[in-house]
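Here is a friendly walk through one protein chain, meant to be read with the structure open beside you. Take a moment to turn the model around before reading on.

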Amino acid sequence: QDAAYVQEIEAFIAEKGIADAIHWLGQVNEPRRLLPQADIGLLVSDSEGLSNTLMEYMQAGLPVVATNVGGNPELIIDGLNGLLIEKGDIAGLADAIASLANEPATKIYYGECAKARIEQEFSLKAMVIQHENLYGI
């Protein structure tokens, strides 16, 4: 099944004539090392918990486009540190990506806000403080 999916993707790439813009990496054991090369973090799943991938994007200072499912809205504040789209909204996904690509200042602002949110609310230091407050320490 995976081979058929790869063939489908390769056929699409060939049909669109964009093969020169695609570089297949294969399996990547530590994908976080590649995040500095990215402009936007995408997480467009149909369902999600509290996504480690999304938090890694945010920690790297990437603006995020994510589907409005599961724990994603707990991390992404639409229009502040990223953009939320409804699952299955392909046009909305394309618009969100284009808006960030065409507005570099917004992209930088969202990335900075995303990184700050992780540091303030989801970092190890923040979790220790939250636990101390919970237990009255």
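## Salt bridges

Four salt bridges are present in the structure, which is a predicted model. As background, side chains of opposite charge can pair when their charged atoms come close.

Start with Arg32, which pairs with Glu56 in a salt bridge whose closest N and O atoms are 3.7 Å apart. Arg32 sits in the loop between α1 and β1 while Glu56 belongs to helix α2, so this pair ties together parts that are 24 residues apart in sequence. How accessible are the two partners, Arg32 and Glu56? Arg32 has a relative accessible area of 43% and is therefore partly exposed; Glu56, with 24%, is partly exposed as well.

Another salt bridge brings together the side chains of Asp39 and Lys107, at 4.0 Å from N to O. Which parts of the chain does this pair link? Asp39 is in the loop between α1 and β1 and Lys107 is in helix α5, so the bridge joins distant parts of the chain, 68 residues apart. Lys107 is buried, because its relative accessible area is 19% and the cut-off for buried is under 20%.

## How the helices pack

Two packed helices are described by the angle between their axes and the distance between the axes. Take helix α2 (residues 52-59) and helix α5 (residues 104-122): their axes come within 7 Å and cross at roughly 115°. On the α2 side, Met55, Met58 and Gln59 make the contact, and on the α5 side the residues are Ala114, Lys115, Arg117, Ile118 and Phe122. Sorted by class, this contact has five nonpolar, one polar and two charged residues.

Helix α5 also packs with helix α6 (residues 124-135), at an angle of about 35° and with the axes 5 Å apart. Which residues meet here? From α5 come Glu119, Gln120, Glu121 and Phe122, and from α6 come Leu124, Ala126, Met127 and Gln130. By class, the contact of α5 with α6 has four nonpolar, two polar and two charged residues.

## A buried leucine

Now find Leu93, which is in helix α4 (residues 90-102). With a relative accessible area of 17%, Leu93 is buried. What does Leu93 touch, leaving aside residues up to four places away in sequence? The neighbours are Leu42, Val44, Val65 and Ile85.

For a sense of distance, Leu93 and Phe12 are 81 residues apart in sequence, and their C-alpha atoms are 18 Å apart in space.

## A nonpolar patch on the surface

Phe12 belongs to a nonpolar surface patch together with Ile18, Ile22 and Trp24, and the accessible area of the patch is about 390 Å². Within this group, Ile18 is found in the loop between α1 (2-16) and β1 (41-43). Ile18 counts as partly exposed, at 33% relative accessibility.

## The chain as a whole

Stepping back, the chain has six helices and three strands. From the N terminus on, these elements follow the order α-β-α-β-α-β-α-α-α. The C-alpha trace spans about 60 × 30 × 25 Å along its principal axes.

What share of the 137 residues counts as buried? The value is 30%. Among contacts between residues at least 6 apart in sequence, 42% join residues at least 24 apart. The chain exposes about 9300 Å², and carbon and sulfur atoms supply 54% of that area.

Notes
Residues numbered from 1 in each chain as written. Predicted model: local features only at pLDDT ≥ 70, side-chain atom pairs only at ≥ 80, totals over all residues. Heavy atoms only, no water. Patch = residues over 30% accessible without salt bridge, like charges linked within 9 Å, V, L, I, M, F, W, Y side chains within 5 Å. Areas by Shrake-Rupley, 256 points an atom, 1.4 Å probe, with all protein chains shown as cover. Helix = DSSP H or I, 4+ residues; strand = E, 2+ residues; numbered from the N terminus. Buried < 20%, exposed > 50% of the residue type's maximum accessible area, 1.4 Å probe, protein only. Axes fitted to C-alpha atoms, helices over the stretch in contact; angles between N-to-C directions. Contact = heavy atoms within 4.5 Å. Nonpolar A, V, L, I, M, F, W, Y, C, P; charged D, E, K, R; others polar.
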